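Welcome! Have a look at the structure below, and then work through the exercises one step at a time.

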Amino acid sequence: MAMPTYLILKHLHLTAVVLSFALFILRGLWMLADSPQLQRRWVRIVPHLIDTVLLASAIGLTLILQQYPFVNGWLTAKVLALIAYIILGSIALKRGSTKAIRALAWVAALATFGYIVSVALTHDPRGFLTGW
C-alpha cells in the first residue's frame with residue numbers, strides 16, 4: 001500500500017465528509033426557515049463539487065485498500081445506506097411535497113448519516129449496534 005497516497009486520500013475523504021454534512025445541515029436549516037439562501041448559486045453548486053471529491057476519494061481508498069462493496073459486508077452496508085441518504089436528502093431539500101415531509105426526510109437523512117459514520121468506524125454492517 002502506498003502510505004502517503006492512502007493518508008492523503010483518507011484525509012481528503014474525511015474533510016469532504018465533514019464539509020458535505022455541514023452543508024447538508026445548513027441547507028436543511030435554511031429549508032426549515034424558508035430562507036432565500038437556498039437559491040444562491042454557490043449553494044446549488046458547491047455541494048456537488050464536495051460530493052464529487054467525496055466519491056472520488058472513496059473510490060481511490062477502495063482501490064488502495066482492495067476492499068470492495070458487495071465483497072466486504074461493511075462497505076456494502078455503507079453503499080446501501082449512502083443510497084438511502086441520497087434519496088432522503090433529495091426528498092428533504094427538493095422533492096418533499098410539504099415542509100413536514102421534508103423535515104421528516106431531513107431527520108431521517110441525519111440518522112442515516114450517523115449510521116454510515118458508525119459503520120465506517122466499526123467496519124461492521126451493524127454500525128453503532130455492534131455492541132448490543
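**Exercise 1.** How close do the axes of α1 and α2 come, and at what angle do they cross?

*Solution.* This is a predicted model, where local features need pLDDT of at least 70, side-chain atom pairs count only at pLDDT 80 or more, and totals for chains, interfaces and linings use all residues. Residues are numbered from 1 along each chain as its sequence is written, and side-chain values use heavy atoms, leaving out hydrogens and water.

Step 1: Helices are DSSP runs (H or I, at least four residues), numbered from the N terminus. Axes are lines fitted to C-alpha atoms over the stretch in contact, with angles from 0 to 180 degrees between N-to-C directions.

Step 2: The axes of α1 and α2 come within 8 Å and cross at roughly 150°.

Step 3: Angles over 145 degrees count as roughly antiparallel, and α1 and α2 are therefore roughly antiparallel to each other.

**Exercise 2.** How many aromatic pairs does a search of the whole structure find? Classify the pair Phe21 and Phe113.

*Solution.* Step 1: Rings of Phe, Tyr and Trp (its six-membered ring) pair if their centres lie within 6.5 Å; planes under 30 degrees apart count as stacked, over 60 as edge-to-face and the rest as tilted. The search finds five pairs.

Step 2: The ring centres of Phe21 and Phe113 are 3.8 Å apart and the planes lie at 10°, so this pair is stacked.

Step 3: Phe21 sits in helix α1 (residues 3-32) and Phe113 in helix α4 (residues 99-122), 92 residues apart.

Step 4: Phe21 and Phe113 are both buried, meaning under 20% relative accessible area (1.4 Å probe, protein chains only).

How values were computed: Helix = DSSP H or I, 4+ residues; strand = E, 2+ residues; numbered from the N terminus. Buried < 20%, exposed > 50% of the residue type's maximum accessible area, 1.4 Å probe, protein only. Parallel < 35°, antiparallel > 145°, perpendicular 65-115°, else oblique.
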